[in-house]
Amino acid sequence: MTGHAQGKGGVIRFLVENSLLLIIGAVAALVWANTDGHSYHEFIHFDLAAMVSGDDGHVDTDHGAEPHGDAGHEADDHGDDGHAEAGHGGESHADGGGGHHGVTIHFLINDVLMALFFAIAGKEVWESLLPGGALANPRKAATPLLATLGGILGPVVVYLAGAALAGGDAFAAFKNGWAVPCATDIAFSYLVARFIFGGSHPAIAFLLLLAIADDAAGLIILAIFYPTQAIEPMWFLLTVAAIALAWGLQKMRVQSHWWYLLGPGVMCWFSFYFAHIHPALGLVPIIPMLPHAQTDLGIFARDELNRDDTLNAFEHFWKVPVEYILGLFGLVNAGVVLSSVGTGTWLVLAGLLIGKPVGITLMTLLAEKGLKLQKPAGMDYRHVVTLGMVAGIGFTVALFVSVAAFKEPGAIQDSVKMGALLSFLAAPLAIAIGRGLGVRPESDDASGGAEAAAA
């Protein structure tokens, strides 16, 4: 490639490969919401269906332009349960109480397009269970899995304890957001960990395994604890039918991922939508049905690019578009006014920056000292504490859960969102902790040691 060609495409490639489009979208949303909040919220709640019907598509909203008050006002505004009974995915019902609402830009991105993001996350979880995968060997995975449990319980305890100690109506207002600080952003935590430890250190494999297990737990938490309305179990029959159809396509040796996506995938998405499970999870159940390799090479393994089975073809096709989708996700979800910093912000940050590293460290200690399990060779508690802080980068999934937990836009949702956005503070804190504890990056080996170790 010539220098000119590299310069032309190199910037975009760098942004995509390092998941920076999400950050750009989030920063753009923050700037927009803080300079012209009214137009920002008119944009994200614009009804696309109205363009067909001939209406102007605008939703009356005074949210976003007004600065928000403190936690006391947040609690008063939103009542005892911390969120109003809103429509599907946080959108208002067009009929005042039925199941239909406008197809807004926010709904299109959060509920439809983000299904592709969670499908790729589901792929990583599924492949990690295959022979050679990070979760396939229980003995190898035991310590990181216990660390994952600590990385979930620690933030929950800190978040709920903080809400209880805040007094007033804070606990009632914020309790539904307990899962927000449970998240770990795989992509960003991986990039920060490579900077701290180097590409071949065993702490990288430990973190990736922990993050994969955390993803799996996050999918379960979203499905069970954050339905969009009362669950309608009869629609799961359509889910079963979609899985059965995908299985049939597999047995017929259908290789193109499009048949699985446009047939069983669409069926499964609608089944989740009408069952009131968050439809962004709608593609996950069909992922195991796509023809796939019988072994896993490890997340971020370079050799995965050479595999052309249907499941990997699905990821290869959608990986770059999903990065652009994440940019749009940041744009429509991160638009909070800076005065939104409040009780929810501090609760989320405490969960991620205190609960996460403490929980991971204590459970790793329990695994080693109490259960006589082993840490990976080459790791000591300097590395465990440091990667525990790296895992505190919640960002993408934390932002998503913020919207799922507090469906009504307003002061509470915005303060919690701000905590998810500020979880990037875990990166400089982790770097500082690592340097303070004498952790130095190891040079990458030729084979990509961390990826091999993760496998």
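**View 1. Helix α12 bends by about 35° at Gly265.** The bend at a residue is the angle between axes fitted to the seven residues ending there and the seven starting there. The model is predicted, so that local features need pLDDT of at least 70 and side-chain atom pairs count only at pLDDT 80 or more, while totals for chains, interfaces and linings use all residues. Residues are numbered from 1 along each chain as its sequence is written, and side-chain values use heavy atoms, with hydrogens and water left out. Helix α12, residues 257-275, reaches 25 Å from its first C-alpha to its last, close to the 27 Å expected at 1.5 Å a residue. Just after α12, His276 takes a positive phi of about 75°.

**View 2. Gly265 is also one of the buried residues of α12.** Others in this set include Tyr260, Leu261, Trp269 and Phe272, where buried means under 20% relative accessible area with a 1.4 Å probe, protein chains only. Their cover includes α6 (105-128), α11 (236-251) and α13 (310-333).

**View 3. Helices α7 (residues 138-165) and α10 (residues 202-225) pack at an angle of about 55°, with their axes 9 Å apart.** That angle makes α7 oblique to α10, and their crossing is right-handed. The contact, meaning heavy atoms within 4.5 Å, involves residues of α7 including Ala141, Pro144 and Ile152, and residues of α10 including Phe206, Leu210 and Ala217.

**View 4. Helix α13 has a kink of about 45° at Lys319, shortly before the proline Pro321.** The 24 residues of α13 reach 32 Å from first C-alpha to last, close to the 34 Å expected at 1.5 Å a residue.

How values were computed: Helix = DSSP H or I, 4+ residues; strand = E, 2+ residues; numbered from the N terminus. Expected span 1.5 Å × (residues − 1). Buried < 20%, exposed > 50% of the residue type's maximum accessible area, 1.4 Å probe, protein only. Axes fitted to C-alpha atoms, helices over the stretch in contact; angles between N-to-C directions. Parallel < 35°, antiparallel > 145°, perpendicular 65-115°, else oblique. Left-handed = near helix turned anticlockwise from the far one by under 90°.
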